[in-house]
Amino acid sequence: MSEPSPTPVRRRRRRLLRFAGAFVVLLAVAGYLGVQYLTGGVGAPRCKVVSANGDGASYEFTPEQAVNAATISAIGTSRGMPERAVAIALATALQESGLRNIRHGDRDSLGLFQQRPSQGWGTEKQIMDPTYSAGIFYEHLAKVPGYSRLPLTVAAQRVQRSGFPQAYAKHEPDATLLAAALTGRAAATLTCQGRPAATTPAGGPTSVRAALARDFGREVFQEAGATVDTAGSSASPAPAAPDSAAPSDSPVSPDSSASPASAAPSAAATADRTVTVPVREGSDSGSATLRRGWELAHWAVANSAALHIDRVSYAGREWTAGTSEGSWHTTDGKSGRDADDAAAEVRIVTGQ
């Protein structure tokens, strides 16, 4: 006995069910692709920051986000802003752009902080420069009375004038972890795998020096007398220049010229790939020195994929690129004067 033909109502119902099923699958695929875009994809190089308090808190992010976070933090500390200001800036950028320097947004909003040229934040070129956009954010934040004592959402909103001010709150835990690491207060808490993408431009000591000057200003070389080791030679400290943390149309480009000394045949193979950044002694019994050192060391790790950095060493600890976790490990035991020497400089070894 043959099955009766479906009625027009049943046929429409079946079509609707098929369309609904296809729509659900499409939503699932779109969601998956969105997650891959925001997180860098499965198997992509990763960075991670962990709490120094032993409470298990952590935050994972992409190398692109790491570079932008490191710039935001460096611009803040270079301006003398406290760690709380850095946390406010990072939470704001996490909400506004996901810590990505994007060329789109609501109306004419652009960049890390979704600042609008039409609202007086600067030109499109300026806003798309992370150094400038972070600097102008801090400039506005500094004008908020008592911002460091305000709830993060309130402080951020006083600067941003967002339509969704409470949205900043969900990023505060991650921003607090990042700020503690990137300002150097929480030692050896930021790690990256350090694997550069195929499209990443070539690195090298010159690129590292340029990026350091861009984010910290040339004072990073002046106050520490930074040198680039080149097979037995060292670069002279960069000459005086205006503070690159202040808003400007373009980043500062450091003088990468070196004054060669007599070449030493026995120089280490990595000498021509090493940037050595001496850390200025702090005024409070060494704690400021360590904090500054870890700030520079974490900055280097955050930039490892972008600048092809293979190894970073500071205060008897070393990070090496390419490992599964890219974790910090203890180097040969140092004590007394050797320990002081280890805390007096950050060594950054590039891959080329």
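Among contacts in the chain between residues at least 6 apart in sequence, what percentage join residues at least 24 apart? The share is 66%, where contact means heavy atoms within 4.5 Å. This is a predicted model, in which local features need pLDDT of at least 70 and side-chain atom pairs count only at pLDDT 80 or more, while totals for chains, interfaces and linings use all residues. Residues are numbered from 1 along each chain as its sequence is written, and side-chain values use heavy atoms, with hydrogens and water left out.

**The chain as a whole**

- The chain has 12 helices and 10 strands; these are DSSP runs numbered from the N terminus, with helices being H or I of at least four residues and strands E of at least two.
- Of its 352 residues, 46% count as buried. Buried means under 20% relative accessible area, exposed means over 50%, and partly exposed lies in between (1.4 Å probe, protein chains only).
- The accessible surface of the chain comes to about 17200 Å², and 54% of that belongs to carbon and sulfur atoms. Such areas come from the Shrake-Rupley method with a 1.4 Å probe, and for residues only the protein chains shown count as cover.

**A sheet of three strands**

- Three strands form an open sheet in the order β2-β1-β3, with antiparallel pairing; two strands pair if DSSP finds at least two bridges between them.
- β2 (58–61) and β3 stand at the edges with a single partner strand each, so one side of each has no neighbour in the sheet.
- From one strand to the next, the twist averages 15 degrees. Axes are lines fitted to C-alpha atoms, for helices over the stretch in contact, and angles run from 0 to 180 degrees between N-to-C directions.
- Helix α7 packs on the sheet and touches β1, β2 and β3. The direction of α7 makes about 85 degrees with that of β2.

**Pairing and faces of β1**

- Strand β1 (residues 47–50) is joined to β2 by four bridges, and the two run antiparallel.
- Val49 stands opposite Tyr59 in β2, and Val50 has Ser58 of β2 as its bridge partner.
- On the β3 side, three bridges join β1 to its antiparallel partner, and Cys192 in β3 is the bridge partner of Cys47.
- In a regular strand the side chains alternate between the two faces of the sheet.
- In β1, Cys47 and Val49 make up the covered face, and Lys48 and Val50 the uncovered one.

**Helix α8**

- Helix α8 (residues 205–216) has 12 residues, which at 1.5 Å a residue should span 16 Å. The expected span is 1.5 Å times one less than the number of residues.
- The buried residues of α8 are Pro205, Val208, Arg209, Ala211, Leu212, Ala213, Asp215 and Phe216.
- Just after α8, Gly217 takes a positive phi of about 85 degrees.

**Positive phi in two loops**

- Most residues other than glycine have a negative phi.
- Ala188, although not a glycine, has a positive phi of about 50 degrees. Ala188 lies in the loop between α7 (172–182) and β3 (190–192), and counts as buried at 17% relative accessibility.
- Ala315 also has a positive phi of about 50 degrees without being a glycine. Ala315 is in the loop between β7 (309–314) and β8 (317–320), and is partly exposed, with a relative accessible area of 28%.
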